[in-house]
Amino acid sequence: MLMKTNYIIDFDSTFTQVEALDELAKISLKNNPDRQKFLNDIASLTNLAMDGKLSFRESLVRRVQLLHANRDHLDILIKKLKKKVSASFSRNKDFFKENSKDVFIVSGGFKEFICPVVANYHISPENVYANTFLFDVEGNIVGFDEGNPLSEEGGKVKLLKQLNLEGTIYGIGDGYSDFQLKESGMIEKFYAFTENIQRESVSSKADHIAPTFDEFLYINQLPRAISYPKNRIKCFVVGNVPNHASKFLEKDGFQTIALDSIEGKDLSDAGMIIFENGIEFTNEQIKEASRLKTIGYLGNSKHKIDKDFCLKQGIVLFDDKKNKWRNADFIPKRMADFINNGDTKMSRNFPNLKVPLMDNAHRLIHIHENIPGIMAQINSTFRDNNVNIVAQFLMTKNGIGYVITDISRKYDKKLLTELKSVAHTVKFRVLY
């Protein structure tokens with residue numbers, strides 16, 4: 001019998017992109033003449049507590065006093081927070097559905113706004129442990145339940161002792177109170193979640209840094225929305241590339257690294273490369289870049305990159321032939337769309353293919369030499385493994401075939417090995 005695994009997840013700056021009390025203050029203090037001063041004070045108190053430089057109880061008392069909030073403000077906050085769920089949590093909604101009994105939200109925040117937000121992710125109020133507000137007869141927030149252990153310093157440790165959960169316990173969070181669970185020996189592993197904010201005082205003590213929830217699921221071999229975390233795909237930004245271009249890819253979750261030129265190990269590690277206009281990328285360099293999936297060139301790549309050689313290596317090239325997109329996100333967006341969806345629309349060398357996203361399916365990409373009978377081999381592999389094809393998209397260009405296949409979620413992993421082994425395969429990957 002498999003041992004049960006419990007997932008203890010923080011709310012503020014982890015499950016959501018923001019600190020809820022900071023957001024509540026922006027709402028409740030909207031018309032206050034000293035609004036900015038109050039907001040700065042509340043944000044400072046939040047950070048001091050999260051870094052372990054101020055007791056959580058003192059931080060909480062002082063923040064609630066500064067709020068001047070009521071029930072109507074909470075309704076506005078909840079609507080806002082539902083739109084601010086961290087991207088990697090949002091795309092892994094199925095994980096929460098399948099593990100709803102084992103996921104616990106443990107937070108120094110407040111149930112009044114946490115429960116309505118996490119309910120959309122199949123997390124019941126019984127699995128939410130947080131503080132509760134105290135209201136006066138007019139609905140104004142006047143304090144909180146000071147008997148709740150989560151309002152105290154080390155409150156998460158005290159709560160877990162009371163819960164006495166059976167099985168393995170993993171903790172995911174961004175703050176000092178989350179790390180205290182590991183420090184106390186209450187959990188097996190602590191994952192510092194850095195998608196929204198990275199606190200060095202916390203990350204330096206974590207068992208593992210998780211830039212996204214995808215990363216956490218990946219290293220624990222748990223079902224996830226995408227097969228390979230984007231934060232693990234190295235995107236090298238070579239030359240004088242406008243800052244907005246690299247920021248676009250960084251915001252989308254890719255690991256961006258700025259270089260003056262690219263060679264050696266950087267070539268072999270590259271999953272994506274975006275070049276300044278004028279830089280040459282030779283066929284010898286392309287050969288060394290065995291993991292390279294896509295190139296973005298901020299100008300006309302003619303005479304600088306051999307697009308046909310890239311095609312034969314299964315590398316999708318996007319460029320700006322007329323130099324009209326340098327000050328836009330056209331190139332990085334095309335690159336991201338290819339990595340995220342498989343889209344090759346407006347590429348310089350691949351067939352132009354734009355496909356819809358599919359729910360409840362896995363998407364596989366197969367790039368191959370376009371010879372007679374190869375699609376029959378690919379589809380026979382699906383048939384022999386009893387795999388149902390939900391949708392399939394195929395285009396060819398200059399002797400290369402590009403096929404995207406969406407399949408039902410349940411399949412044996414040997415299917416992937418067999419697809420990679422089909423004769424004349426150039427590249428194969430599981431997209432999600």
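In this predicted model, the lining of the largest cavity divides into nine nonpolar, eight polar and seven charged residues. That cavity holds about 250 Å³ of space. The largest pocket holds about 1500 Å³. Aromatic pairs come to 31.

**Cavities**

- The count is four cavities of 30 Å³ or more.
- The largest cavity has 24 lining residues. M50, F56, G108, K156 and S177 lie nearest its centre.
- Five elements are named for giving two or more residues to this lining: α3 (35-50), α4 (56-67), β2 (103-110), α9 (155-163) and α10 (176-183).

**Largest pocket**

- The space in the largest pocket is about 1500 Å³.
- Its lining has 44 residues, and I226, S227, Y228, L431 and Y432 are the closest to the centre.
- Two or more lining residues come from each of α7, α17 (330-341), α19 (414-420) and β17 (425-430).
- Helix α7 gives the most to this lining, with four residues.
- By class, the largest pocket is lined by 17 nonpolar, 10 polar and 17 charged residues.

**Second largest pocket**

- About 590 Å³ of space lies in the second largest pocket.
- It is lined by 16 residues, with E195, E250, K251, D252 and G253 the closest to its centre.
- The lining of the second largest pocket divides into three nonpolar, seven polar and six charged residues.

**Aromatic pairs**

- The model has 31 aromatic pairs.
- F15 and F96 form an edge-to-face pair, because their ring planes stand at 70°, and the cut-off for this class is over 60 degrees. Their ring centres are 5.8 Å apart.
- This pair links distant parts of the chain. F15 is in helix α1 (residues 11-15) and F96 is in helix α7 (residues 93-98), 81 residues apart.
- Both F15 and F96 are buried.
- F96 also pairs with F89, again with ring centres 5.8 Å apart. The planes of F89 and F96 lie at 25°, so this pair is stacked.
- F89 has 0% relative accessibility, so it counts as buried. F96 is likewise buried, at 0% relative accessibility.

**Charges over rings**

- R71 lies over the face of F135, 3.7 Å from the ring centre.
- R429 has its charged end over the ring of F338, 5.0 Å from the centre of that ring.

Note on methods. Residues are numbered from 1 along each chain as its sequence is written. This is a predicted model: local features need pLDDT of at least 70, side-chain atom pairs count only at pLDDT 80 or more; totals for chains, interfaces and linings use all residues. Side-chain values use heavy atoms; hydrogens and water are left out. Rings of Phe, Tyr and Trp (its six-membered ring) pair if their centres lie within 6.5 Å; planes under 30 degrees apart count as stacked, over 60 as edge-to-face and the rest as tilted. Buried means under 20% relative accessible area, exposed over 50%, partly exposed in between (1.4 Å probe, protein chains only). A charge sits over a ring if NZ of Lys or CZ of Arg is within 6 Å of the ring centre and within 35 degrees of the ring normal. On a 1 Å grid over the protein atoms alone, a cavity is a set of points where a 1.4 Å probe fits but cannot get out, and a pocket is an open set with protein on both sides within 12 Å along at least five of seven lines; lining residues have an atom within 4 Å of a point. Grid points are joined across faces, edges and corners, and a volume is the space filled by probe spheres set on the points. Ala, Val, Leu, Ile, Met, Phe, Trp, Tyr, Cys and Pro count as nonpolar, Asp, Glu, Lys and Arg as charged, and the others, Gly among them, as polar.
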